[in-house]
Amino acid sequence: MTRLALIQQLFGHAAWADDALYRALTASSAAPDEALREYAHILGACEVWLSRMEQRAPRIAVWPTLSPAECVAFRETIADGYDAILSRLTDDVLDQKVSYTTSDGRPFVNTGGEILVHVAMHGQYHRGKVNLLLRQAEMAPAPADLIAFIRGASTATQASSTIASQSKSSQS
């Protein structure tokens, strides 16, 4: 698999996992506030990195306070931005240097490829935290593993439903 194909796969996975996570978060009014905060951070961080790649100011904070509806709307806006980058992705774009300043004022330079891989991995880290918070609230976690995405969303969804059913029956 080429670097280009891998990064495109990682972003396909991220979109699938973010959708599954959103559905899990909004399946009940009992979802912990901290879980929504972590989910919103995934979006905020994606926006900050997208703004750095596009050399513009971010539209939201890295730790934004967003309602579930605002999360959906902003997720679509961010997806459009990354889709534009991914549609013109070449080895040259992956190797292109991106200069930026962190939120605490430190200047850095990374390649487009490094940033894109970071965005994918950072999001996955926080998806795991959201799922932990859902489990702690006795809610079903969302399928978010890359291998589940590669195997096919229906397989992952079936496995998640089975786990949720087993969890409910063991509580009875």
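Predicted model: local features only at pLDDT ≥ 70, side-chain atom pairs only at ≥ 80, totals over all residues.
**Helix H2**

Keep residues 33-53 selected. Now step past the end of the helix to glutamine 55. Its phi is positive, near 55 degrees.

**The whole chain**

Zoom out and colour by secondary structure. The chain has seven helices and two strands. Follow the elements from the N terminus: α-α-α-α-β-β-α-α-α. Next, show the surface. The chain exposes about 9,400 Å², and carbon and sulfur atoms supply 55% of that area. Of the 172 residues, 42% count as buried. Contacts come next. Take those between residues at least 6 apart in sequence: 63% of them join residues at least 24 apart.

**Aromatic pairs**

Show the aromatic side chains. The count of aromatic pairs comes to five. Select phenylalanine 11 and tyrosine 82. Their ring centres are 5.1 Å apart and their planes meet at 35 degrees, so this pair is tilted. The pair links distant parts of the chain: phenylalanine 11 sits in helix H1 (residues 3-25) and tyrosine 82 in helix H3 (residues 68-87), 71 residues apart. Are these two residues buried or exposed? Both phenylalanine 11 and tyrosine 82 are buried.

Move on to tyrosine 100 and phenylalanine 108. This aromatic pair is stacked, with 6.2 Å from centre to centre and 25 degrees between the planes. Check the cover on each partner. Tyrosine 100 has a relative accessible area of 10%, so it is buried. Phenylalanine 108 is at 35% relative accessibility and therefore counts as partly exposed.

**A cluster and a charge**

Ring pairs link Trp49, Tyr100 and Phe108 into a cluster. Which residue lies over the face of tryptophan 49? Select arginine 52: it lies over that face, at 4.4 Å from the ring centre.

**Last stop: alanine 140**

Go to the loop between helix H5 (112-136) and helix H6 (146-151). Alanine 140 has its place there. Its relative accessible area is 34%, so alanine 140 is partly exposed. The C-alpha atoms of alanine 140 and alanine 24 are separated by 6.9 Å, although the two residues are 116 residues apart along the chain.

How values were computed: Residues numbered from 1 in each chain as written. Heavy atoms only, no water. Helix = DSSP H or I, 4+ residues; strand = E, 2+ residues; numbered from the N terminus. Buried < 20%, exposed > 50% of the residue type's maximum accessible area, 1.4 Å probe, protein only. Contact = heavy atoms within 4.5 Å. Areas by Shrake-Rupley, 256 points an atom, 1.4 Å probe, with all protein chains shown as cover. Phe/Tyr/Trp six-rings, centres within 6.5 Å; stacked < 30°, edge-to-face > 60°. Lys NZ or Arg CZ within 6 Å of the ring centre and 35° of its normal.
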